[in-house]
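User: I am new to this structure and would like to go through its cavities and aromatic rings. Please show it before we start.

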Amino acid sequence: MKCVICPRNCSDRMRGFCSVGDEIRISRAAAHYWEEPCISGSKGSGTVFFTGCNLKCVFCQNKEISAGNSGKKVTLDELVSICKKLSENGVHNLNFVTPTPYMCVLKKMLRENDFGVPIIYNTSSYESVSALKSLNGLVDVYLADMKFYSEKLAQKYCGRADYFKIAAAAIEQMYSQTGDVVIDENGLIKKGVIVRHLVLPGCVEDSKDIIDWFAEFSADKRLIFSLMSQYTPCVDSEKYPELNRKLTPSEYNEAKDYMSLCSVDGYIQDLSSSGEEYIPEFDLM
Ligand code: SF4
């Protein structure tokens, strides 16, 4: 069976690049406190980390789950129970991490169940616009990565030179569904799009291009930009020696200053947020 959920357009879903097939596998389901403050709040975000990934960046810090062979196999009913339990435990939202390969099953679940909290779709943004359109009305908040502007970097680090073009179109579609960001009286997000960008070592010029793109795209809209510093070296150091280090303060300051120069408001992660202690344990084995 062909799969067109993302632009990899795998000819056989069962042997697709994301390694998901027709199973539901999750690696962790728990309240998570390290997202942006409007998502984590005081009670945490109800994160469900799905196993497998349709992008698989070479520097992924969650490699043990993105590879697709870890995690626990669950049925749809069990997934519904997990989400209900998280919601009953008081989390502010349900936050589906790397959900794209599971889009069909998530649509079915969200059409049939009301969990009583905002639904967050936490994605690499590498998905087709036609697939995203089918989520209209089911997702409240898109937490969307914008990883690379340069085709060369995207090709080198995730094997997809078209990343920026695909992700920019996807984010446009996400915004058309949610409209402007809405934050409630407790500072929690209810709907909208947050665009996340992780600054990579040696790639500050690419970060500036992304900030330029965001400034232009959001000029007449209300989206949130989130600049992230948490890069933790997890690469094959022989193949990618340039990525085998943390960000320097001067690199990160350059990206922060450029945000301010472009009048882009948003979240700026503290540089001390890099390190393995910020990688959740994927313990739902
Ligand atoms: S979601 Fe998975 S199977 Fe479908 S096109 Fe993308 S990588 Fe291939």
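Cavities and rings

Analyst: Strand β8 gives the most to the lining of the largest cavity, with three residues. The model is predicted, so local features need pLDDT of at least 70 and side-chain atom pairs pLDDT 80 or more, while totals for chains, interfaces and linings use all residues. Residues are numbered from 1 along each chain as its sequence is written, and side-chain values use heavy atoms, without hydrogens and water.

User: Which elements each supply at least two residues of the lining of the largest cavity?

Analyst: Helices (H or I, at least four residues) and strands (E, at least two) are DSSP runs numbered from the N terminus. The elements that each supply at least two lining residues are α2 (63-66), β5 and β8 (189-198).

User: How much space lies in the largest cavity?

Analyst: A cavity is a set of points on a 1 Å grid over the protein atoms alone where a 1.4 Å probe fits but cannot get out; lining residues have an atom within 4 Å of a point. Grid points are joined across faces, edges and corners, and a volume is the space filled by probe spheres set on the points. The space in the largest cavity is about 790 Å³.

User: Which of the residues that line the largest cavity are the closest to its centre?

Analyst: The lining of this cavity divides into 16 nonpolar (Ala, Val, Leu, Ile, Met, Phe, Trp, Tyr, Cys and Pro), five charged (Asp, Glu, Lys and Arg) and 13 polar residues (the others, Gly among them). Of the 34 lining residues, the closest to the centre are Q61, N62, D145, K147 and Q230.

User: How many aromatic pairs does the count come to?

Analyst: Rings of Phe, Tyr and Trp (its six-membered ring) pair if their centres lie within 6.5 Å; planes under 30 degrees apart count as stacked, over 60 as edge-to-face and the rest as tilted. By this rule the count is 16 aromatic pairs.

User: How many residues apart in sequence are the parts that the pair of Y126 and Y163 ties together?

Analyst: Y126 and Y163 are stacked, 6.2 Å centre to centre with 15° between the planes. Both are buried (under 20% relative accessible area, with exposed over 50% and partly exposed in between; 1.4 Å probe, protein chains only). Y126 lies in the loop between β5 (119-123) and α5 (129-133) and Y163 in helix α7 (residues 163-178), so the parts tied together are apart in sequence by 37 residues.

Technical notes
1 Å grid on protein atoms, 1.4 Å probe; cavity = no way out; pocket = protein on both sides within 12 Å on 5 of 7 lines; lining within 4 Å.
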